[in-house]
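Dear colleague,

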Amino acid sequence: MQKYVKQLLDYPLFFGVKEKDMVPMLNCLGGKVKKFKKGEYIFFEQDDVRQIGIIISGSVDMVKEDIWGNKTMLVRIGKGEVFGETFACGDDNRSAVTFLAPEDAQILFIPF
């Protein structure tokens, strides 16, 4: 986790957090960094999402698939941005969309 601290401190979500406090805070919150390869799925539609994702490197596509298998990319989420918060922090934790990595990505997940 330590190797990501300086980068994370530049993200608006962590504004005001002191560098020395970042690792203990993330450990206390249960933060984990996961790596995804290009094309790998992060969350599928209808998955139970109980954590927010913060993109450290790469990007994440939010995709909606219809009943015939046609996929529509809704948005590409980039480095430093947050995703999954709508589901993790809402009353219904089931994802209404699929999230996938269009390129290699590293994501910090924080349980909610």
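**Findings**

Met73 counts as partly exposed, because its relative accessibility is 45% (buried means under 20% relative accessible area, exposed over 50%, and partly exposed in between, with a 1.4 Å probe and protein chains only). This residue belongs to strand β5; helices (H or I, at least four residues) and strands (E, at least two) are DSSP runs, numbered from the N terminus. Leaving aside residues up to four places away in sequence, Met73 touches Asp61, Met62 and Val63, where contact means heavy atoms within 4.5 Å. Between Met73 and Asp61 the C-alpha to C-alpha distance is 6.6 Å, with 12 residues separating them in sequence.

Please note that this is a predicted model, in which local features need pLDDT of at least 70 and side-chain atom pairs count only at pLDDT 80 or more, whereas totals for chains, interfaces and linings use all residues. Residues are numbered from 1 along each chain as its sequence is written, and side-chain values use heavy atoms, with hydrogens and water left out.

The protein chain has a mean pLDDT of 95, and 100% of its residues reach 70 or more; pLDDT is the predictor's confidence in each residue, from 0 to 100. Among the elements of the chain, the lowest mean pLDDT is that of α1 (92), and the highest is that of strand β1, residues 32-36 (98).

Strand β5 pairs with β4 (residues 60-65) in the antiparallel sense, over six bridges; two strands pair if DSSP finds at least two bridges between them. Within β5, Lys71 is the bridge partner of Glu65. Both strands belong to an open sheet of four strands, antiparallel in its pairing, with the order β2-β7-β4-β5. The edges are held by β2 and β5 (71-77), each with a single partner strand, so one side of each is left without a neighbour in the sheet. On average, neighbouring strands of this sheet are turned by 35 degrees against each other, direction ignored (axes are lines fitted to C-alpha atoms, for helices over the stretch in contact, and angles run from 0 to 180 degrees between N-to-C directions).

The largest nonpolar core has 29 residues, of which Leu8, Phe14, Ile42, Val60, Phe83, Phe99 and Leu108 touch the most other members. Such a core is a set of buried Ala, Val, Leu, Ile, Met, Phe, Trp, Tyr and Cys residues joined through side-chain atoms within 4.5 Å. At least two residues of this core come from each of α1 (5-9), α2 (19-29), β2 (41-43), β3 (51-57), α3 (85-88) and β8 (105-111). Strand β8 supplies the largest share, five residues.

Eight aromatic pairs were found in a search of the whole structure; rings of Phe, Tyr and Trp (its six-membered ring) pair if their centres lie within 6.5 Å, and planes under 30 degrees apart count as stacked, over 60 as edge-to-face and the rest as tilted. Phe43 and Phe99 form an edge-to-face pair, 6.2 Å centre to centre with 80 degrees between the planes. Phe43 lies in β2 and Phe99 in β7 (residues 98-100), so the pair ties together parts that are 56 residues apart in sequence. Phe43 counts as buried at 7% relative accessibility, and Phe99 counts as buried at 1%. Phe83 and Phe99 form a tilted pair, 5.2 Å centre to centre with 45 degrees between the planes. Ring pairs link Phe36, Phe43, Phe83, Phe87, Phe99 and Phe109 into a cluster.

Yours sincerely
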